[in-house]
Amino acid sequence: MPEWYEIESWIITWAPIIFMGLLVFFIYRTMKLMPRTKPQQIKPESASSISWEDVAGADEAKAELAEVVEFLRDPKRFAALGAKVPKGILLHGPPGTGKTLLAKAVAGESGAQFFSQSAASFVEMFAGLGAARIRRLFAEARKERPAIIFIDELDAVGARRGSDNNSEREQTLNQLLVEMDGFDSAGDLVVIAASNLLEKLDPALLRPGRFDRQILVSPPGVAGREEILKVHTRSKPLASNCDLATLARQTSGLAGADLANICNEAAIFAARARRTQLVQADFDDAVERVVAGMQSRRALTEHERRVVAWHEAGHALCAELLPGVDRVHKISIVPRGSALGYTLNLPEEDRYLKTREELIDHMTVLLGGRVAEEIVFGAVTTGASNDLQRVAEISRSMIHDYAMGTSITSRKVSAHGGEVSDRTRELRDEEQQHLADEAKRAATKLIVEHRDKLEELAAQLLRNEVLERPDIERIMAGTQRFRRGAGGLRVVAAEPVQPPVSGAEGAS
Ligand code: ADP
Ligand code: MG
Ligand code: ZN
């Protein structure tokens, strides 16, 4: 029989050890009960069923990606010649334009393994796990070359750093950069990423050797929309009254995903009506349902399209006729980003100094849109607010900064800044108004005198939605023209989408 004090010392010796043991056991068991923290398997996805045939109306993006397909099919051919092929490709453009679809088609066409991950899944996890997951993703893909790593919704990790101070996101982004730098592009491993907005991405991602090949996937034009509708009605029995060309015209501003949705809704309407074929009315109902369900990406009504067409034609006409502004490169009435339509100019050369006449010419071009609306429709819309704002900015700096007013007063007061009297301010406002009026008179004169060209520009725009330089030259033939040159593109006028005005179609 042991003494009582022996038992006591036994307990004192062993109790803490037993307690620790139990603790370890319970912690271990709890960890086993949390399957989420266990590393998920990373496996290639099957995308072999998707081909170029499934992607319509994105010809430019397809042409660029066709090259990538070639690398993946036969990497040795390029390596043998010492060709360095791009390893990072960024598809950017509005949602629903087919970026994910294009990436899958590259996999389908090339037969490469397709490792697809949404960047959002990297940041939802616990600290450090996102980075680990990226490491494993690259490690797995490297084993199965030729392979494509597709990172969807790159914005989730790739947004500019410092904007939200999320250290987990930053760690993940850094790991991605490390992995991008870490592999040699032998052409058999390509990283494709998709993003809605290029401007939002961290510039580090776009450096050479990373996502240095950027492909814009823009919303389809009228011809593209028709092609997409054809793709999505391929396996659907259509009645002979179905007119996809008209449908394409009515769906200006919609992306591929919306059109796919319309075709599906139409099939549902037809099935509910127990028809064996889809009829035109099914499509009309479907358009209504899909368009009404979307506020931001709206399709324009026929009247709105006309207003935008004449408005842009007004800008373009003035730009083509005036010596102090650049030639028009492209006019479009396909709503894009925040603009309903836009006119792109090609600057002849980089210039930092402008004369008074050139500034007036620029204001004339800006006002050309609104003046055309006024002359053709007898009413102006809210669509010109961006133009008017820029006219105000130009005329303001002409008076306040450059002293380009007509009266001596404005010159004198502009010379010494600081406090100004009410009288001076009034004078300056008047001067600004004079400049704007001068530009407006010029725009009116140009448009009235070249009304035939305006009508032709607008009609062609309505028909084709986009006019390129050669089209514009053809239409403007016979009018006076000025020198042209090379340079970067610049938006001279864009119509931002306005909240709908109560009453008739935004006209005021
Ligand atoms: P994104 O990734 O640009 O948001 P998705 O590739 O996810 O767009 O497109 C969603 C769906 O919309 C596709 O699965 C396809 O059915 C349809 N779609 C989008 N663009 C096109 C297109 N250019 N041609 C055919 N279908 C398209
Ligand atoms: Mg997508
Ligand atoms: Zn405009």
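Author: Two strands pair if DSSP finds at least two bridges between them, where strands (E, at least two residues) and helices (H or I, at least four) are DSSP runs numbered from the N terminus. This is a predicted model, in which local features need pLDDT of at least 70 and side-chain atom pairs count only at pLDDT 80 or more, while totals for chains, interfaces and linings use all residues. Residues are numbered from 1 along each chain as its sequence is written, chains are lettered from A and ligands numbered from 1 in the order in which they are written, and side-chain values use heavy atoms, with hydrogens and water left out.

Reader: In which sense do strands E3 and E4 run, and how many bridges join them?

Author: Strand E3 (residues 147–152) and E4 run parallel and are joined by 5 bridges; Ile 148 has Val 190 as its bridge partner in E4, and Ile 151 stands opposite Ala 193. On E4, Ala 193 also has Leu 90 opposite, for strand E1 (residues 88–92) pairs with E4 in the parallel sense over 5 bridges. Strand E2 (residues 113–118) in turn pairs with E3, again in the parallel sense, over 6 bridges, and Gln 113 has Ala 147 as its bridge partner there.

Reader: Is Ile 151 buried or exposed?

Author: Ile 151 counts as buried because its relative accessibility is 1%, the cut-offs being under 20% relative accessible area for buried, over 50% for exposed and partly exposed in between (1.4 Å probe, protein chains only). Ile 151 points the same way from E3 as Ala 147 and Ile 149, whereas Ile 148, Phe 150 and Asp 152 point the other way, and all are buried. E3 is therefore largely enclosed by the rest of the structure, with 6 of its 6 residues buried. Beyond its neighbours within four places in sequence, Ile 151 has contacts (heavy atoms within 4.5 Å) that include Gln 117, Phe 122, Leu 176 and Ala 193.

Reader: Which residues point each way from E4?

Author: Leu 189, Val 191, Ala 193 and Ser 195 point one way and Val 190, Ile 192 and Ala 194 the other, all of them buried, so that strand E4 (residues 189–195) is mostly covered, with 7 of 7 residues buried.

Reader: How are two packed helices described?

Author: They are described by the angle between their axes and the distance between the axes. Here the axes of helix H15 (residues 385–400) and helix H17 (residues 422–449) come within 9 Å and cross at roughly 125°. That makes H15 oblique to H17.

Terms used
Axes fitted to C-alpha atoms, helices over the stretch in contact; angles between N-to-C directions. Parallel < 35°, antiparallel > 145°, perpendicular 65-115°, else oblique.
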